Amino acid sequence: MIPSFFRILVIGRNTLVEAVRQKVLSVLLIFGLVLVGSSVYVSTIATPGLDAAGLFDEQIKFVKDFGCGAIGLFGFAIALLSTAQLIPQELQSRTVYTILAKPVRRAEFLLGKFLGVVLLLALAVTLMSLAFAASLYWQETVGLKYAQDVYDQHMPNWQNSPQLVSQYNHDIQDIVSKVQDPQLVEAILLLFAKLVMTAGIALLISTFATSSIFTIITTFMVYLIGHLEGVARDVWLARGAETSLWQSGLAGLISLLVPDLNSFTIVDEILAGNHVPWVHTLNLLGYAEVYLVVLLAVSIIIFDFREI
Amino acid sequence: MEASAPSFAVETIGLTKRYPLAWKRKLLVALDHLDLQVRPGEVFGLLGPNGSGKSTTLKLLLGLAVPTEGEARIFGLPPDSLEARQRVGFLPENPYFYAFLNGDETLRFYGKLCGVTGPKLEKRIEELIDLVGLQNGRERPLRSYSKGMLQRIGLAQALIHDPDLLFLDEPTAGVDPLGSAQIRDLILQLKKMGKTVVFSSHLLEQVQEVADRVAIFSLGKKVLEGSLDSLLAEDQSTQVHVPGELTAEQQEKVRLLLGQAGITSQEIRFSRPHLSLEQLYLRTVQGLPAPTPAKDSSHS
Amino acid sequence: MMSSTLPLSRRLRRAALVALLLGLWAPGKILWEQKIAHEQDFLRYHGVTMSRELRDQLGQGLTIGVLSGMRSVVADFIWAVNVTLAWEDEQWFRMSGLINLCTTLQPRAATFWDIGGWQLSWNASVAAAEDLKQPNALRRLRASRFWIEKGLEIYKRGIENNPQSWTLWAHTGLLYQQRLKDYRNAAYYYQKTSELPGAPVFYERFPALMYGLAGDDQAAYAAWKSLWERLTPEQREEKEHWKEKVESNIHRLEQKLSVPTEKRIFPK
């Protein structure tokens, strides 16, 4: 068992090193950072005439949405592109021969390569999250200063009025709680889970695909369909007289195979500041994990069949 | 089936591999019912033109492909089992290694996959770098290596886990004669260590120098197999080696002597043994004194 | 791990195992997804699904974005660019449409309802009241009133979708108070505001103040009294509850209403 895990780890680490040395990370990261920066820029487009609290609400929403959107988008690009060429690259350059000539199981090889991609995604998401946190902190600083200015300029001697002091403290507390929201950790974890699932789907398709392009396009389609899986599921479960046979068949097929990616958009709720309990997040993460195990199991079986 | 130590390092029984051709609705028979035995400690050469089944045989013996029919065994074990592959080292024909790793990292990577770790691995890496002579390349990425260096790192990684059986696919292809000779010497050294070596090559002279036994393949079939001595020895003739040159008179006397012994054939020949071109080259390049050029040899 | 002895049947056995695994996983998957969806409905209160009109409004490209979970980014983008432009050009009907769009895209973002309602009830209605293109004062008044009603509608739908958002309740109260001069409704909304977690403390005093503005001393007195009785002794001492204000108001009203001495909280 342990030597097996060790071999998977060795291959995983090697895959990560390859990605890092081939500067995969830096190119996409630059764009990721640019986008996070642009979210800060967008936050300068504000609805005129708002009070400090309203203004902050609006701007922090932009920063959060754009920041997480960027993490999701560029994470998706990394997940998709890295995984799609993972196996084809090994087969084309035949480096797989040298590895499988050693006492390494095909399953260990596949899992090791996938582990490398997961590590790469974890690294990328962590770095992007740090940039995101920095942009949030910057927004908080700006917001606090602006609130202070508004009070000082429009309500002189506000410190003497208990009501105004209470209001000020409340505004400050509001700003801080919107930025230092522990639920953002949940959001990042859910985004990461979604990315790993995407990578898993790409891996499965790449085990039987003939070209990387095919893998990329098909995974992209499955990703889109995954957001409609809930609708398909409802259609299939409630199949009545109006649904034709092939409609309910298609809906059924989608429901059985494709994951419900739309349930991960609960991240929007978290970003809007609404309460999403950890229990629910852990539930979703568990779902992603189990689905991933199924994906990997099927990938291993298919890869075992493959002539190299 | 013997339960004790197997008597062959490599054994195949009716090993067959057929590939379906997608658009021709025919089957490509890459290997047709191969029966082969390699004894432990042998150096075995696989010969044959491209497409004759040598590579397919290697793939099947390494567990990289699954036979359509028949069976292969490595030390009595299935080739795709972990135990078998633990005892096997493979030098691929082309450098199927990661170009972004340097020499040390490559050996460390493959070593770890073979279960060699820690200080033992580091020691082994030092030994092998010395053995193959890659001191000045170990810190550079493989993509900057010359063909010769790639062969050397290839040999090193094949040996990293001290295997009992080595498969070398065209080990001297593209290597200069000096390096080629070094590889040849290495093979003999491995043989002395008791290892079994199976290698394929197009360079027939080299095969002749190291192999104990060879098999010749053609169109997926093994056509000929046997020890070099038995295969190459010409029947019904004997060579006599005499140090020094014989004058024409002395040659006549030898003929008379042979005639008295009952050998009167017209095909008795006297000739000067030749250096091979390789030997001349090596001596020249290594700075040894060149042998004096011979006068034209006489045929009588 | 493959075995070279009878490889095909071993693989087929494994494939059958996988088929079995998938067969067991499939119903579990469906049930799990249903559970998650149910939980999320509860958390969101009717999250939006793609309806036909919405898709027409957005166009193909944005549809993909919404489908792929970029719903909030799309809504933000539309908001940031278009709503501001509409404000600058004073195109209030266009803005109203955009507010509807963004709130439909992301009904659980209280911000859109909040700022949207404010835009209409204040900015739009004030602009309409000062709109010199209207022929007479009556028209201006009606236009102004129209936008206030529209804004109120937004606030109320916002509250339906986000009942926990204290700002929506508070700003609705403010709307009733400032724009409609309807102090009783204002009092109701301020009361609700003060009951929600996260609301500033001073909202607890507003209902009573509103009743006072409405001229209803009895109701005002009842409100002040019930506030006083709700506060614990520790809370009364906290600065933010401003006990002096509460005290003085109760005292004043007890005097004004001639409450019998024994029933007074602050007889002196």
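Among the contacts in chain C that link residues at least 6 apart in sequence, 49% join residues at least 24 apart. Two residues are in contact if their C-beta atoms, placed from the backbone, lie within 7 Å. In chain B, 66% of the contacts between residues at least 6 apart join residues at least 24 apart. The structure is a predicted model, in which local features need pLDDT of at least 70 and side-chain atom pairs count only at pLDDT 80 or more, while totals for chains, interfaces and linings use all residues. Residues are numbered from 1 along each chain as its sequence is written, and chains are lettered from A and ligands numbered from 1 in the order in which they are written.

**Chains B and C**

The two chains may be set side by side. Helices (H or I, at least four residues) and strands (E, at least two) are DSSP runs, numbered from the N terminus. A residue is buried if 20 or more other C-beta atoms lie within 10 Å of its own, exposed if 12 or fewer, and partly exposed in between, with C-beta atoms placed from the backbone.

| Chain | Elements | Burial |
|---|---|---|
| Chain B | ten helices and nine strands | 37% of 300 residues buried |
| Chain C | eleven helices and zero strands | 38% of 268 residues buried |

**Chain C**

Buried residues of α7(C) include C:Tyr183, C:Ala186, C:Tyr189 and C:Tyr190. The buried residues of this helix pack against α6 (166-179) and α8 (206-214) of chain C.

Further along, C:Trp242 lies in the loop between α10 (233-237) and α11 (243-256) of chain C. Its phi is near 45 degrees, a positive value in a residue other than glycine. C:Trp242 counts as partly exposed because it has 19 C-beta neighbours inside 10 Å.

Chain C also touches chain A: 46 residues of chain C are in contact with 52 residues of chain A. On the side of chain C that touches chain A, the elements that give two or more residues are α1 (7-44), α2 (52-89) and α4 (110-129) of chain C. Of these, α1(C) gives the most, with 17 residues. The residues on this side of chain C divide into 26 nonpolar, nine polar and eleven charged. Here Ala, Val, Leu, Ile, Met, Phe, Trp, Tyr, Cys and Pro count as nonpolar, Asp, Glu, Lys and Arg as charged, and the others, Gly among them, as polar.

**Chain B**

The C-alpha atoms of chain B fill a box of roughly 70 × 50 × 45 Å, taken along the principal axes. Chain B is divided into domain 1 (1-87 + 163-233), domain 2 (100-159) and domain 3 (248-285), with bounds that come from an automatic or database domain assignment. The centres of domain 2 and domain 3 of chain B, taken over C-alpha atoms, are separated by 48 Å.

Three strands of chain B form an open sheet in the order β2-β1-β4, with antiparallel pairing. Two strands pair if DSSP finds at least two bridges between them. The edge strands, β2 (27-38) and β4 (69-74) of chain B, each pair on one side only. Strand β1 (residues 10-20) of chain B is joined to β4(B) by five bridges, and B:Thr16 stands opposite B:Glu69 in β4(B).

The phi of B:Phe75 is near 50 degrees, a positive value in a residue other than glycine. B:Phe75 is buried, because 20 other C-beta atoms lie within 10 Å.

Strand β7 (residues 196-200) of chain B has five of its five residues buried, so it is largely enclosed by the rest of the structure. Both of its faces are covered: B:Thr196, B:Val198 and B:Ser200 are buried on one side, and B:Val197 and B:Phe199 on the other. Strand β3 (residues 43-47) of chain B pairs with β7(B) in the parallel sense over four bridges, and B:Phe44 has B:Val198 as its bridge partner in β7(B). Strand β6 (residues 165-169) of chain B also runs parallel to β7(B), joined to it by five bridges. The bridge partner of B:Phe167 in β7(B) is B:Val198.
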